[in-house]
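Student: I've got a model to go through with you. Can we start with the ligand site?

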Amino acid sequence: MVNSYIQPGDNPDLTAERRQATFDTEELTVLFQGSARSVKRRREIYDYYQRSPDLQDPVPVDFLDRVEKYENAQRKMALLTKHVPKVVPDGNFEDLMNFFSTVFQQDGFPLGLHNSMLIPTIENNADDEQKREWLPKARANAFIGTYAQTELGHGTNLRKLETTATYDPNTEEFVLHSPTVTASKWWPGNLGKSSNFTVVVARLISKGKDYGPHPFFVQIRDPVTHKSVPGVTVGDIGPKFGINTNDNGFLRFDHLRIPRRNMFMKNAKVQPDGTYIPPVHDKLAYGSMVYVRSFMIRGMAHHLAQAATVAIRYSAIRRQGEVTPGAGEVQVLDYQTQQYRLLPQVARAWAFEIAGRYTRYLYQEFLSGIDKGSAAILPELHAVTSGLKSLVTHHVCLGIEQSRMACGGHGYSAASGLPQLYGIVVGGCTYEGENMVMLLQCARFLVKIAAAIRKGVAPGFKSEATAYFFVNSASNGNVSTPSGALAALEHASRRLTLLAYDRLEAIKATGKSHNIAWTEAGVDLRRAATAHTRTFIVRQFIEFVKTVKATPATKAVLEDLLKLYVYYEVIEADGDLLFDGHLKGADIEAARVQIYEALRRLRPNAVSLVDAFDFNERELNSVIGRRDGHVYENLLKWAQNSPLNKNDVLPFHHKYLGKAMIDAQDGLFSKL
Ligand SMILES: Cc1cc2nc3c(=O)[nH]c(=O)nc-3n(C[C@H](O)[C@H](O)[C@H](O)COP(=O)(O)OP(=O)(O)OC[C@H]3O[C@@H](n4cnc5c(N)ncnc54)[C@H](O)[C@@H]3O)c2cc1C
């Protein structure tokens, strides 16, 4: 079979790996990236980038300080008007996002929040007239904006946001104010220095009544001088765990006046006299969250695939230890422990990609339901995407860190790209809904199902993903097939959901309120949500592999990846599966053997599998994960960029370290 990544002059270990491919990498690439068109355009965009010297970084950006990184990103942004019409002439959204991530990579750039949050907020929350006024300017980048919701004092509990927008009917304006220190907006991406407009979520107060948080469109800087407007204090919040090219910012208001029509009015409205009109569909806001999260799940799946690509390619060229004396050192990828660390990451990346894809399909179903006047699918969709957002970001972080550690010392170097990738991805455990809070939201939906089961009433809503709750499982589980393993995981999920519900009810029976009981049962509720989300991913992956149109050779590797994924999950959940005797120790051991067998079969394809993800060098950002495998000479070259290497002897050496050594020598010699 063909691995299309083989090129003359590559590291021979990688070429030998690629020659073993049992499938056509191009076929798998199209399946992973979604379509032949996507793959073609991704490659054209990367080619274009390589042919554009002005878009290149002066040195690898990890050698730049924070201001230099930010300036470099601004410099490249200014070139977009020249390049975008050439490289993405039809303005295709997916292609644009590809181009941006190729040019700017993942550490943040001035248009990041503008594209991902501001424009979608206008699209989903502005009325027609507002859209006509704001959208063309936003799409042309005539202003740059962000989304300012979180405050110093509150992130999760939006009801307690403190920024106020008080309506003044005399002037038909809102007065924006930050009444306390904790009311300061804190965290919004690109707020500190890039944005001159922002969405601000503030408590709407009209005719003396507080209607709670609503979104407003607010100018914070002068469009020409870029100075902050009177009544606004804005700046950067300082260095962070990652994404330090992003100027995440703070923002305070001192009685800033904005026109009435700068309140987003597609849903709720305030009339000129101050009369408040509530939204017709109060659930619609959840729809946009679902949409953003479904894309986030895909992005996360791809980040895990990138980490696995780096670590597996490196493990194929890294030789360490002689297993058979005299036979030479082995590739570290030949150690079963290394395969057990890395290949499950490949399988998880696939599983998460498929789950994200399915949620995007469900979102489309939701939209067509809305057109017909029904939002029935929304509670489940919200629960599923909340659970997935949390589980996927968490597992992707664990997988990146596992990949990093599997690269030994070089994984700790920024040259591997893995520490930066971890820093970027771990933020995703917090933004777009803090992970623990997301799981508890998923649990709210599950508790309703459990209540229906315990009360023996028909559920309000039943779907493919929840049907298993209403079926009794076989008394003895059997994990000899992925479907059998899914049934066992469903059994555990059902038990954990009912257990969490019973715990909740038992606490309530002691006289405690529902809310108190909810906080006291939190750990079990979280366990239930995790278990249910796991069944969702496993089911979608099984379904995908069953129905995918692929050649037998490609289908065979997908089946092995599926087995690896499913049995790895069984092992991770072994305590829950064994707890009530549904599975026995022998079943768990059988699952382990399935994993070892899958690893053995996948090992010859390991490099080809990660090649088939089709990430380019810009996306991987890794010296040790290079396609050509020429790691060592390029590590030496990379290190030459260090500013510490500009001078053989640093200008201040003799002032401190050199002087200290000379003084110590003088002391020693004077004692002689
Ligand atoms: C990299 C990054 C980028 C961001 N970008 C933006 C942005 O562009 N715009 C913006 O507005 N904000 C942004 N944020 C802020 C982000 O949305 C919030 O940090 C997030 O919503 C969590 O809120 P918090 O920080 O107040 O945490 P808290 O809500 O204070 O959470 C702290 C802890 O309390 C727990 N907790 C809180 N509530 C509950 C509950 N009900 N039940 C159980 N446990 C609970 C949490 O699990 C967590 O462990 C960003 C944050 C990061 C890290």
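Tutor: First, a term: a polar contact is a pair of N or O atoms within 3.5 Å. The model is predicted, so local features need pLDDT of at least 70, side-chain atom pairs count only at pLDDT 80 or more, and totals for chains, interfaces and linings use all residues. Residues are numbered from 1 along each chain as its sequence is written, and side-chain values use heavy atoms, leaving out hydrogens and water.

Student: Which atom of the ligand is 2.9 Å from a polar backbone atom of Tyr147?

Tutor: A nitrogen atom. An oxygen atom of the ligand is also 2.9 Å from a polar backbone atom of Gly155. Thr156 places a polar side-chain atom 2.5 Å from a ligand oxygen atom.

Student: How much of the ligand's accessible area does the protein cover?

Tutor: 62% of the 970 Å² it has on its own, by Shrake-Rupley with a 1.4 Å probe.

Student: How many residues surround it?

Tutor: 19, each with a heavy atom within 4 Å. Gln149 and Glu434 are among the closest.

Student: Which helix gives the most to that shell?

Tutor: α14, with three residues. Helices here are DSSP runs (H or I, at least four residues).

Student: New topic. What is the volume of the largest cavity?

Tutor: About 50 Å³. A cavity is a set of points on a 1 Å grid over the protein atoms alone where a 1.4 Å probe fits but cannot get out. The volume is the space filled by probe spheres set on the points.

Student: What lines it?

Tutor: Lining residues have an atom within 4 Å of a point. They include Leu489, Arg534 and Asp576. α15 gives the most, three residues.

How values were computed:
1 Å grid on protein atoms, 1.4 Å probe; cavity = no way out; pocket = protein on both sides within 12 Å on 5 of 7 lines; lining within 4 Å. Helix = DSSP H or I, 4+ residues; strand = E, 2+ residues; numbered from the N terminus. Polar contact = N/O pair within 3.5 Å; in protein donor to acceptor, adjacent residues only side chain to side chain.
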